Structures are given as structure tokens and as C-alpha cells.
Amino acid sequence: MTPLARLLVASQFAFNVGFFAVLPYLADHLGGTLGLGGAMVGFVLGLRTFSQQGLFVVGGALTDRYGPRPVVLVGCALRVAGFVWLAFAASPWSVVAAVVAVGFAAALFSPAVESEIAREALRVERAGGHRRTRTLARFSAGGQAGALLGPVLGALLLYGGGAAHFRTACLAGAGVFLLVLAAHARLMPHRTARSESREERPGTWRTLLGDRRFLLLSLAYSTYLLAYNQLYLALPAELDRATGSQAALGWLFALSSALVVAGSGPVERLAARADRPAAIRAGLLLISAAFAATAVLRARDGIWGALTFTVLLTLGQMLVLPATRALLPDLAGDRRLGLATGALSSLSGVVVLAFGAPVGALLERDGPAPWLLLSAVPLLGLVLVPTRGRGSDAAATVDGGAQASPRP
């Protein structure tokens, strides 16, 4: 990989270490330590996703305007502040405010990093190097390697439970984000924002939001994100039901991440040969199967339902995420890739926020019906995936072949 790609992959790894040391245990902290009901827990988790995914469009637009470096640095600083706040938040609404700060920090950091890695992947591909999906698959694998280590770190820090242990995990996460901030301040290259006239920006927005294929991809991605968010809500609930505790949660998250890291090579090769919309559809089908299989297996004793859910959901994510990132430049072009990346996640975040509380309330009902209903969500996304984009060559032509970011 190029030096810039290595920096972005490494920062994604470290960012996820700190994030996943805390997030898998947030639902238990809200419902256990703070005593919130299922609907309120679902609302808070949905709000966290919305403040992150829903506000990606802000981070994406700022990235296109000012370049990735300042947006990444501000995002890291806000994430440090948000986790310190979360560590000492005692009331439900203080936790809500801290969670919003944590989410908005990622809304700045993630679209800047994701659009920059996509631009770098396109540059390598257009220069005659390997296909963009290889770079993007390695970026996903780096993030999942961090997600592999993060829950294990969190499980060690939270051993014994209680508010004090949760505080320790939050402060450890803040320390990791402080290291990411220092690394980007030192190593991330400066890039002068592209100058545009005011007249160009509204047209670009209208073109993007008026593109039927982009909107279909956004809606399909929304069903994926809503389903994948159940890794943090439905999975803990199922573990509680099946085993009476969430002791295995960290290990299931570690298994999920290990699958992504171990399978990144085969998926990378498959993505290089497969049609991108077909890969997204296959991933959504696997995610639907994860819910349906859990509905059947939860009648058995033990954690078989939770284990099957984790494996199938992870395999689906491995197909959907890099294929969506690779398809996005074909639909939007790369000169407004930051805005397109942000808009994709923002629309998805709105859907997760809208359905967070209803899904939380639904999961309080016993029996397989909630899981069967949730299995229909990714099936809806399956029929929404656009057939094809304009193609990478066309996208390059639209943007005049200009490179959005100079090399370090």
C-alpha cells in the first residue's frame, strides 16, 4: 500500500480499538447500571447511530471544503472529550449528551478517512495498480482488526461490572483516541481544499440527491445498517435470554472481528471478480438469514442462536461494506466523494434513529416473531440495490480525471 493508505488503515484500526472497548457494553450500562427500559435503550443506541451516521453529511461536506486533515483532527479531539464525558456521566440525559458527542466525533472522522481511502484506491487503480476493492477490503480488515482487539480490551477492563469499571473502559478508549490524534497531527499530509464557486455547490447537491441510483443505494444501505445495529441491541438481549448474562458478548464481538480479518483475503479476491451490486445483494441475503436462523435456534438451550447470528451477520457485512464503498464512486464521481459518503451514511442514520426505539420495544417481546420480522428488513434492501453505476471510467470522465488529493 501507499504511505497514505497505510496511515489510514492504521488509524482505522486504532480508532476501532478505542470505540469497541466501550460500545458493546453500552446497552448493559444503560439498562443495568442506569436502569433504563428497553425502548429507552433502543432510542439511545439509535441516537448514537444517528449522531454518527446521520451527521456524516456534515463531515463529508467539510472534508470536501477544507480537506481531510483538519476534519480528522477535530473529530479525534471531540471523541476524546466525549468518552471522558461518558466516563463520568451519572444521569440518563448526561449519558445521552455524551453519546451524541461521541457519535458526532465519528461523523467528522469517518467520512474524512473513508473518502480519502476511496480516493487513494481510485488513484492506484487508475495508475494501473490493483483494483480499488483490494485497498478498500484492506481498510475494512484493518478496522475489523481493531474491532477484534477492542471488545477483548473492554471485557478485561469491565471484568466484575459496575460503574467504576465502565468508567475505566471509557478513559482507556479516550487514551487510544488521543494517540490517533497525535499520529494524524504528525503524519497526515496537508491538502488545500479545492476552490469552487458558490454556483457550483447547489448544482452538485441537486445532482447527487436527484440521482435515483444513489438514493436506491442509500436506502439499501439503510436496511443493512439497521440490521447490523442489532449486533449492539439484539445480540446482548439474546445472550441475556439464553444464558442469563452478557459474559460472552466480548468474545462474540472478537469472533466477528476475527472472521473479518481471517476472511479479508478470500473476500478481497471475490470482490475483485464479482459484480458489486451482486455482492451487496448476497451480503444482505446472509444478514436476513442471520435473523431467521436465530429465530429457529433460540428454541435450543445455550448460545447457539447468538453464535449463528454473529457469524452470518459478519459474513454479510464482509460483502456489503466494501462493495458499497467501491460502488459509490461509480454513482457519484470522486470530486464530491466526501459529500456522497456523508449523504449515504446520513440517510442511513435517519432510518436507524427512526426505528431504534420500535426495535428495542419489539425485542422485549418473547418468542421468534421479533427475529422473523427483523429478517425481512435486509430482504427489502436486497430489491433496492441499483443494478449498476456509471462505471469507474465514466466517473473519472465526469470529474475530468482530476485527482482529489495530492500524494504525501
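Reader: Does valine 58 count as buried, exposed or partly exposed?

Author: The model is predicted, so that local features need pLDDT of at least 70 and side-chain atom pairs count only at pLDDT 80 or more, while totals for chains, interfaces and linings use all residues. Residues are numbered from 1 along each chain as its sequence is written, and side-chain values use heavy atoms, with hydrogens and water left out. Buried means under 20% relative accessible area, exposed over 50% and partly exposed in between, with a 1.4 Å probe and protein chains only. Because its relative accessibility is 32%, valine 58 counts as partly exposed.

Reader: In which helix does valine 58 lie?

Author: Helices are DSSP runs of H or I with at least four residues, numbered from the N terminus. Valine 58 belongs to the run covering residues 56-66, which is helix α4.

Reader: What distance separates the C-alpha atoms of glycine 37 and glycine 360?

Author: Glycine 37 is found in the loop between α2 (26-33) and α3 (38-54), and it counts as partly exposed because its relative accessibility is 42%. Although glycine 37 and glycine 360 are 323 residues apart along the chain, the separation of their C-alpha atoms is 9.0 Å.

Reader: Which residues is glutamate 238 in contact with, leaving aside its neighbours within four places in sequence?

Author: Glutamate 238 has its place in helix α11 (residues 234-243), and it counts as buried because its relative accessibility is 3%. Contact means heavy atoms within 4.5 Å. Once neighbours within four places in sequence are left aside, glutamate 238 is in contact with Arg298, Ala306 and Trp371.

Reader: How many aromatic pairs are there?

Author: Rings of Phe, Tyr and Trp (its six-membered ring) pair if their centres lie within 6.5 Å, and planes under 30 degrees apart count as stacked, over 60 as edge-to-face and the rest as tilted. By this rule, the number of aromatic pairs is eight.

Reader: How far apart in sequence are the parts that the pair of phenylalanine 15 and phenylalanine 177 ties together?

Author: The ring centres of phenylalanine 15 and phenylalanine 177 are 4.9 Å apart and their planes stand at 55°, so the pair is tilted. Phenylalanine 15 lies in helix α1 (residues 3-20) and phenylalanine 177 in helix α8 (residues 163-187), so the parts tied together are apart in sequence by 162 residues.

Reader: What angle lies between the planes of phenylalanine 309 and tryptophan 371?

Author: These two residues, phenylalanine 309 and tryptophan 371, are both buried. Their aromatic pair is edge-to-face, with 5.3 Å from centre to centre and an angle between the planes of 85°.

Methods. Helix = DSSP H or I, 4+ residues; strand = E, 2+ residues; numbered from the N terminus.
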